[in-house]
Structure formats: structure tokens, C-alpha cells
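Visitor: Hi, I'm new to this one. Can you put it up and walk me through it?

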Amino acid sequence: MEHKVDARGLACPKPVIETKKALETLKEGSVLTIVDNSTARENVMKLAKKLKFHYDVKEQGDTFEIRIFKGELNQETDILAQSQPDLQDLVILCGNDVMGEGSRDLGDVLIRGYFYTLTEFSPKPKSILFVNAGAKLTIEESPVLEHLRVLEAQGVEILTCGTCLEFYGIKDKLAVGGVTNMYTIVEETSNAKNTVRI
Amino acid sequence: MNKEFYVIVFASTHQAIQTEKEMIDKVKVQMIPTLREISAHCGVSLKFQTDFLEEVKAYLQEHAKDGMDLYHVEGELGSRVVTKVEW
């Protein structure tokens, strides 16, 4: 049985919400979500990954078709989780491009020190979410780009708020990790055992 | 990861920020928290790779201020060997 979600023209995070709803009503089978932009495609793919469902993506001209198969791959993802014992159930929410309040110069020094130390520290957080001015830390000019790339290579999920990137006019400068939306941010922070805000 | 490198340590954070600004065009430096093994300095240091040692030494000979020191670091977190280097 296949459920179809035509999410073309729908604003973020609607495609993800509609896909999730469709998956919830489905006992077994697949959901085919059609979107018309790459951000929506990525977000729907992330939903599938998070729910530990197998998926495939087809590009058809200006649209993308993401087919998510419910009820598969659980065993495989469990193996994946076991292979990453260095990750802990912790989400870091970074809401600024400096650390703390007060001097920006000092805050810049501190945020660089924070992410550098995180690359050396174990276990790592499961994911780091960047919102508001924090989005400036995941772009090409970021003073912590190198550290975030190391963390990503170590298995940490790096996600930046798409609305924030757009607001600051830096969406095309994203240099590490993926783009996310409030739906995922709420889900990540709610589901994690611990959330730290910096 | 980065098993061998050097760090410059400072008497104050202001000194570290100023030195980074002066060096950034010549040497690829990274501001990092001062290693626990080197405690008697301010909280931030400038880290650089061995390739830049001569440039850094030349800079220090000309611009070094009281409280600045240079260290060679080898090994990983938990088993590091830190040695003071003269310039």
C-alpha cells in the first residue's frame, strides 16, 4: 500500500508534517512525498532517517520524489547506533555566534575554545543545532568551521535553522552540515535526554 | 588528530587576541583553551603546526611581551608531553 503526499508549493515545515502524518496513519507500506525544492527534500529525508525507515529519492525535473518504506531497516540502524558508542544522548542548541553575554571579542574567543574542546572531548553530543546568530557559525567565514567539520566527521549531526540562514542572507554560504526547521529543532530537543543551550 | 603541534601562551586574554590579530596573515594559528598541562597562564593559547615554527620564533624575537611562552605539545588528550621551547 502506498500513500501519496503532494507537498509541492507547501512552505517549510509543512512537507515534513504532512509526511509524518501519512506515516502515522500507515500500518505497513510506503509513503511517497513529492516536493519542489531541495530543502524540503533534505528535511523529508531527515525525517525518514530519524524514524529509522528506509527511503529512496528520485529527481524528476523540478520535483523530488521521496519514497519512505515503513517498518524496515530497524535492525540495520540498531547496528549503526551500536557502532557509534562515542555519541551521547545530548543535543546542544547554539543561539549565538559568540559565547555568553558581555564583550563580543571575549565571546568570540570562548566560542572558538568551546568547539575546539568539543572535538577533543568524548562522548560527543548527538547533534548540534544552530539558530538565530548561531547560524553564522556554520557558514564559510565561520571561525569554528574547521572544528565543526571535525565533529561532523566524528558522527555529530550539525544542523542549522533554514529560516535563520535566510534571514541573515547567508543561505548559500552554508559550509557544514544540513539545513533544518523548527519542527526538527523541537523534536530533537524534546527527544534528547539532555539539551544544553549555549 | 594533531598529535604534534606548538602553542603560544599568554599573560592575558587581551594579549592573546592582539597577537592573533598581528599573526593571522603570516601564520595559520588557532585560538584554543590553554591545555591543562600548562596551567600558569591565561585561559587561551594560540596553536600552530610545526611548519610555522620559524615564522613564529621570528615574530616572538621581535614582538614577545612579558608572560608569553612557547610550548611543544606531543601526544593525545590524557597522555600529552608538553615541553617549553626557547626562541
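**A first walk through**

Guide: Start with A:Asn132, which is partly exposed, with 15 other C-beta atoms within 10 Å. Bear in mind that this is a predicted model.

Visitor: Where does A:Asn132 lie?

Guide: A:Asn132 sits in the loop between β6 and α5 of chain A.

Visitor: OK, zoom out. How many helices and strands are in chain A?

Guide: Chain A has seven helices and nine strands. Of its 198 residues, 36% are buried. Take the contacts in chain A with a separation of 6 or more: 70% of them are between residues 24 or more positions apart.

Visitor: And what does the secondary structure of chain B come to?

Guide: Chain B has two helices and five strands. From the N terminus on, the order is β-α-β-β-α-β-β.

Visitor: What percentage of chain B counts as buried?

Guide: Of the 87 residues of chain B, 22% count as buried. As for contacts in chain B between residues at least 6 apart in sequence, 64% join residues at least 24 apart.

Visitor: How many residues does each chain bring to the contact between them?

Guide: Chain B brings eight residues and chain A brings eight residues.

Visitor: Which elements of chain B give two or more residues there?

Guide: On the side that touches chain A, those are α1 (13–23) and β2 (30–33) of chain B. The largest share, four residues, is from β2(B).

Visitor: What classes are the residues on that side of chain B?

Guide: Six are nonpolar, two are polar and none is charged.

Visitor: New topic: helices. How do α4 and α5 of chain A cross?

Guide: Helix α4(A) covers residues 104–120, and helix α5(A) covers residues 145–153. Their axes come within 9 Å and cross at roughly 25°. Angles under 35 degrees count as roughly parallel, so α4(A) is roughly parallel to α5(A).

Visitor: Left-handed or right-handed?

Guide: α4(A) passes α5(A) in a left-handed crossing.

Visitor: Which residues meet there?

Guide: From α4(A) there are A:Phe115, A:Tyr116, A:Leu118 and A:Thr119. They meet A:His147, A:Leu148, A:Val150 and A:Leu151 in α5(A). By class, this contact has six nonpolar residues, two polar ones and no charged ones.

Visitor: What about α1 and α2 of chain A, at what angle do they cross?

Guide: Roughly 35°, with the axes coming within 9 Å. Helix α1(A) is residues 14–25, and helix α2(A) is residues 38–50. This crossing is right-handed.

Visitor: Which residues make the contact?

Guide: α1(A) supplies A:Pro15, A:Val16, A:Thr19 and A:Lys20. α2(A) supplies A:Ala40, A:Asn43, A:Val44 and A:Leu47. They divide into five nonpolar, two polar and one charged.

Visitor: Now the inside. How many residues are in the largest nonpolar core?

Guide: The largest nonpolar core has 39 residues. Those that touch the most other members are A:Cys94, A:Ile128, A:Leu129, A:Phe130, B:Ile8, B:Met31 and B:Leu46. α4(A) gives the most to this core, with five residues.

Visitor: Pick A:Ile128. What does it touch?

Guide: Leaving out residues up to four places away in sequence, A:Ile128 touches A:Ile92, A:Cys94, A:Val156 and A:Ile158. There is also a second, separate core of 15 residues. Its members include A:Val5, A:Ala22, A:Val31 and A:Leu47.

Visitor: Over to B:Leu70. Buried or exposed?

Guide: B:Leu70 has 21 other C-beta atoms within 10 Å, so it is buried. The cut-off for that is 20 or more. B:Leu70 lies in strand β4 (residues 69–74) of chain B.

Visitor: Which residues does B:Leu70 touch?

Guide: Not counting residues up to four places away in sequence, they are B:Tyr6, B:Ile8, B:Leu60, B:Val85 and B:Trp87. B:Leu60 is 10 residues from B:Leu70 in sequence, and their C-alpha atoms are 9.1 Å apart in space.

Visitor: Last one. Which residues does the cis peptide bond at A:Pro123 join?

Guide: The cis bond joins A:Ser122 and A:Pro123, and omega is about 0°. A:Pro123 is in the loop between α4 and β6 (124–130) of chain A.

Conventions. Residues numbered from 1 in each chain as written. Chains lettered and ligands numbered in written order. Predicted model: local features only at pLDDT ≥ 70, side-chain atom pairs only at ≥ 80, totals over all residues. Contact = placed C-beta atoms within 7 Å. Nonpolar A, V, L, I, M, F, W, Y, C, P; charged D, E, K, R; others polar. Axes fitted to C-alpha atoms, helices over the stretch in contact; angles between N-to-C directions. Parallel < 35°, antiparallel > 145°, perpendicular 65-115°, else oblique. Left-handed = near helix turned anticlockwise from the far one by under 90°. Buried ≥ 20, exposed ≤ 12 C-beta atoms within 10 Å, placed from the backbone. Core = buried A, V, L, I, M, F, W, Y, C linked by C-beta atoms within 7 Å.
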